[in-house]
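User: Let's go through this one label by label. Please set each value against its cut-off for me.

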Amino acid sequence: MAILHVPAPAGGPPPAIHPDWRRLEGSAVAFLDRWELYADAVQRERLARTGIGRVTALIYPYGPYELLRIGADFMAWAFAFDDEYCDEGPLSTRPGEFIRTVARMQRAVECPEASFAHEDRYARSLVDLRARLAAFAPPSHVGRFVEGVRTYLMVEMWKAVDLRPSLEDAVAMRLFSGGGWVFPVLAHVMSGSALSQDAFEDRRLRALGEMVACVCNWDNEIASFGKELARSPGRDHNLVSVIAREQGCSPQEAVSRLAGMRHRVLRLFLRLRTSVLTDAPPPVAAYVEGLARYCRGCLEWTPSNDRYSSVDGLGGDATFTAEPIDDTASPEASHAPLDIPSIAWWWRYDPAR
């Protein structure tokens with residue numbers, strides 16, 4: 001089992017969980033069954049044991065049940081899609097067919113009236129999620145969800161044709177792949193926060209959202225490395241593997257280097273969050289705190305979940321064991337930007353610089 005031990009950083013919110021998490025669990029499994037979002041009974045069992053209701057309730061601890069139910073069902077959709085289409089399954093080794101299929105999904109969520117795109121069960125279920133969200137959320141929130149899904153699907157198409165990316169490209173991929181950007185954005189959608197489009201486009205808020213996405217996704221990379229190594233041969237997207245390959249080090253050393261990158265990003269997030277909250281109007285403050293709660297929920301869930309820590313997704317052993325990650329490095333750690341151009345721009349907004 002891959003070990004991930006990352007204490008919650010000082011200054012972050014305490015853990016919280018939505019009280020309806022057990023209901024969300026049942027809803028997510030029912031959604032999977034309704035649309036048959038799995039290849040076989042074994043895959044259904046993996047997904048059912050993932051704890052989708054619990055993770056949704058941890059990352060979105062506040063909000064009306066009907067909105068969180070949509071969030072949990074989209075979480076189920078993303079896990080199923082990643083497993084059956086992106087990482088495993090017949091389309092995962094046929095990039096041309098994969099891109100054609102996923103491009104049609106993208107058109108389906110952008111324009112649900114385009115019925116030609118609804119032949120695929122993943123496209124149909126994605127349209128269903130959009131329609132349900134539109135019934136409970138304003139058009140701006142639906143648009144942000146659609147934009148996030150569009151980027152998610154475009155990056156999965158990129159990954160299909162670039163199986164051994166550079167670190168620069170792999171970091172950009174991981175920011176958006178697996179719904180990495182959609183889920184933190186949904187934090188304010190699930191709680192119904194009335195954030196204006198102008199505020200949403202503020203570059204400081206964009207940086208904060210991307211930082212949270214990266215921190216949570218990089219934790220996921222470490223936790224899932226063993227599973228991906230065993231179940232997705234020929235695909236070299238995991239950042240642990242990319243760092244080891246590009247920098248000529250062992251996987252264990254790559255974990256340490258990725259943990260160091262994570263530490264610097266998390267500290268930057270906390271500094272910028274404090275600065276933004278100094279004079280933020282209530283909708284902006286709610287958005288920023290939603291990002292922090294999302295990150296806190298991921299910290300609670302990722303280390304203990306069989307989906308990432310075991311090869312079979314059912315609690316068996318993984319093929320790689322990492323030493324615990326300690327997030328207690330000194331606060332005097334470097335404030336210099338990471339040497340990764342696609343994310344180095346975040347440090348332009350660092351109050352410490």
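User: Why does Ala48 count as partly exposed?

Analyst: Ala48 has 25% relative accessibility. Buried means under 20% relative accessible area and exposed means over 50%, with partly exposed in between (1.4 Å probe, protein chains only), so at 25% Ala48 is partly exposed. This is a predicted model, in which local features need pLDDT of at least 70 and side-chain atom pairs pLDDT 80 or more, while totals for chains, interfaces and linings use all residues. Residues are numbered from 1 along each chain as its sequence is written, and side-chain values use heavy atoms, leaving out hydrogens and water.

User: Where does Ala48 lie, and what does Ala48 touch?

Analyst: Ala48 lies in helix H2; helices are DSSP runs of H or I with at least four residues, strands are runs of E with at least two, and both are numbered from the N terminus. Leaving aside residues up to four places away in sequence, Ala48 touches Glu25 and Val29, where contact means heavy atoms within 4.5 Å. Ala48 and Glu25 are 23 residues apart in sequence, with their C-alpha atoms 8.4 Å apart.

User: How do you know that the span of helix H1 agrees with what 1.5 Å a residue should give?

Analyst: The expected span is 1.5 Å times one less than the number of residues. For the 15 residues of H1 (residues 21-35) that comes to 21 Å, and the end C-alpha atoms are 21 Å apart, so the two agree. The buried residues of H1 are Leu24, Glu25, Ser27, Ala28, Val29, Phe31, Leu32 and Trp35, and they pack against helix H2 (41-48), H3, H4 and H6.

User: What makes the buried residues of H5 line one face of the helix?

Analyst: They are Phe98, Thr101, Val102, Met105, Gln106, Ala108 and Val109. Seen down the axis of H5, these buried residues fall within an arc of 160°, so they line one face; the arc is taken over the directions from the helix axis to the C-beta atoms. An α-helix has 3.6 residues a turn, so residues three or four places apart point the same way. The buried residues of H5 pack against helix H4 (65-87), helix H6 (121-136) and helix H7 (139-161).

User: What makes the pair of Phe200 and Tyr287 edge-to-face?

Analyst: Rings of Phe, Tyr and Trp (its six-membered ring) pair if their centres lie within 6.5 Å; planes under 30 degrees apart are stacked, over 60 edge-to-face, and the rest tilted. The centres of Phe200 and Tyr287 are 6.2 Å apart and their planes stand at 85°, so this pair is edge-to-face. Phe200 is in helix H10 (residues 197-200) and Tyr287 in helix H14, so the pair links distant parts of the chain, 87 residues apart. Both Phe200 and Tyr287 are buried.

User: How do you know that Trp346 and Trp347 are stacked?

Analyst: Their ring centres are 6.1 Å apart and the angle between the planes is 25°, which makes this aromatic pair stacked. Trp346 is buried at a relative accessible area of 0%, and Trp347 counts as buried at 1%.

User: Is Arg348 buried or exposed?

Analyst: Arg348 is exposed, since its relative accessible area is 69%. Arg348 lies in the segment after helix H16 (341-344), and its C-alpha is 9.2 Å from that of Arg204, 144 residues away in sequence.

User: Why does His141 count as buried?

Analyst: His141, in helix H7, has 2% relative accessibility, so it counts as buried. Beyond residues up to four places away in sequence, His141 touches Leu133, His188, Val189, Gly192 and Ser193.

User: What makes Asn217 buried?

Analyst: Its relative accessible area is 7%, so Asn217 is buried. Asn217 is found in helix H11 (residues 203-231) and, not counting residues up to four places away in sequence, touches Arg174, Leu175 and Gly180.

User: How many helices and strands are there in the protein?

Analyst: The protein has 16 helices and zero strands. Of its 353 residues, 57% are buried.
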